[in-house]
Amino acid sequence: NNSISMTFIASYSRLQRSSSSVRMISSSSILGLSMLTAAANALSTTSSAATTNICNARYLGKSDLLVSESCLGTMTFGIQNNDDDAFQQLDYATSTGCNFIDTAELYPVPLTSPEYRAGATEEILGRYIAKDRVCREDLVIATKICGYSPSSRVAAARSYPNEPISPPPDCRLDSSSVKNAVDASLRRLNTDYIDLYQIHWPDRYVPSFGMTAFQHTQAQQREDDEISILETASALKDMIDEGKIRYIGLSNESTFGVCQWINACEQLGIRDKLATIQNSYNLLDRRFDSELAEACHHYDIGLLPWSVLAGGLLSGKYNKRHNGSIVITSTSNSRFVRFGEYMKRWHPNFASKTTLDATEEYAKIASDAGLTPSELAIGFVRSREFVKKNGSVIVGATTMDQLKENLAPFVNDVALDEEVLARINEIHLKCKDPCCSL
């Protein structure tokens, strides 16, 4: 069994790093019963889940968080998916060996939906945990705190379970805000610790969500009001010391930001607690390939790519006619059908012609290789070294059929050969990151 074998190897690697006696054991002893017993006894609470069926297990960054190659994204829970839908997805995902769940205090999305209520997704996960459908210790739960956002309903909801604060305060990353956000997430999630606590986006100005050009004027306008990374990191250290969070992750961060976080964590003696970065990465947005990949390689920070299907555009649900108009083959609950102006850079009615053309070309490659468009898109992200080494691929869905298709590449270990990867690179070189803008 590939999942169990990967787990044994990961366990053995961890033991090699933590125990000098294990270094004397030959590799042939990995499969021995005594080695398995030693591994189970030596690993942490989260890592003890290694003795179960974690699919293609690996450690995040340099941490001892042992996770599956797939991570279940939950941002549809609370608007497009109700409790019953969410519970079915969680049950199915865990049955395939997925033990890693990603959420955020901001979720669900989009915020423009009439049903939107900040924190609703965490509450659904908390109800799932309360039902003991799976042991809490067998899950690795990641959530996020919002970066700078003025007059935010998310910050107002940190009073949970009491009524939201009025008027809504700003979302900031100062010490008090960080601690209030952690405590609110713990209450909603019905747990006393968070495995991975991520900064959803920075407090400072940074181009993000498809923007590529640094705007000096915007940066200068915010410089005097920025919360320092050191202050945010100090608050997170306090939360670690109190046992409320285990590891730290970044999100929508730049190379400069990663380096600043490394410096801050080193000053505070928590360098080993910075494990991951969650940035956009897919066939239409490969910006991570360059400086960020280099920095994260040297700092042992694993990538948790989000929107690997470009909001669903790469899934094949949205097909472009040859006459240039769009035919949508998805259901009325699909994101781009239900929310007409959400994620415009990937929306089939608003995306650039080059984005839609590239999407069609990738679908052709998938067809030629005997794959679905989703399998190709996910298989490409799986092939990246910064994911294979110490990261995990976030996938989500609004229906069970979509979820099964999106998890199949991990369960069936769908790999892309060199010819397919070469064809993908040819399209990429014709127009790099077409969905991004200045």
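Predicted model: local features only at pLDDT ≥ 70, side-chain atom pairs only at ≥ 80, totals over all residues.

A residue counts as buried when its relative accessible area is under 20%. Arginine 172, at 11% relative accessibility, is therefore classed as buried.

**Arginine 172 and its surroundings**

- Arginine 172 sits in the loop that runs between helix 5 (153–156) and helix 6 (175–189).
- Its side chain makes a polar contact of 2.7 Å with the side chain of aspartate 203.
- A polar atom of the arginine 172 side chain also lies 2.6 Å from the backbone oxygen of aspartate 225.
- Apart from neighbours within four places in sequence, the residues in contact with arginine 172 include Ile145, Cys146, Tyr148, Arg222 and Glu226.

**Cysteines**

- The search of the whole structure finds 0 disulfides.
- Cysteine 146 takes part in no disulfide, and the nearest cysteine sulfur, which belongs to cysteine 171, is 4.5 Å away; a disulfide would require the two sulfur atoms to be within 2.5 Å.
- Cysteine 146 is buried, with a relative accessible area of 1%.
- Cysteine 259 is likewise in no disulfide, the nearest cysteine sulfur being that of cysteine 296 at 8.9 Å.
- With 26% relative accessibility, cysteine 259 is partly exposed.

**Packing of helix 12 and helix 16**

- Helix 12 (residues 353–368) packs against helix 16 (residues 418–430) at an angle of about 170 degrees, and their axes are 11 Å apart.
- The two helices, helix 12 and helix 16, are therefore roughly antiparallel to each other.
- Among the residues that meet are Ala358, Tyr362 and Ile365 in helix 12, and Val420, Ile424 and Ile427 in helix 16.
- The residues of this contact comprise 6 nonpolar, 1 polar and 5 charged.

**Backbone geometry**

- The peptide bond from tyrosine 107 to proline 108 is cis, with omega near 15 degrees; proline 108 is in the loop between strand 4 (100–102) and helix 4 (120–130).
- Serine 166 and proline 167 are joined by a cis peptide bond with omega of about -5 degrees, and proline 167 lies in the loop between helix 5 and helix 6.
- Serine 307, a residue other than glycine, has a positive phi near 55 degrees; serine 307 is in the loop between strand 9 (302–303) and strand 10 (318–320) and is buried at 15% relative accessibility.
- Aspartate 433 is not a glycine but has a positive phi of about 45 degrees; aspartate 433 is found in the segment after helix 16 and is buried, with a relative accessible area of 15%.

Notes:
Residues numbered from 1 in each chain as written. Heavy atoms only, no water. Buried < 20%, exposed > 50% of the residue type's maximum accessible area, 1.4 Å probe, protein only. Helix = DSSP H or I, 4+ residues; strand = E, 2+ residues; numbered from the N terminus. Polar contact = N/O pair within 3.5 Å; in protein donor to acceptor, adjacent residues only side chain to side chain. Contact = heavy atoms within 4.5 Å. Axes fitted to C-alpha atoms, helices over the stretch in contact; angles between N-to-C directions. Parallel < 35°, antiparallel > 145°, perpendicular 65-115°, else oblique. Nonpolar A, V, L, I, M, F, W, Y, C, P; charged D, E, K, R; others polar.
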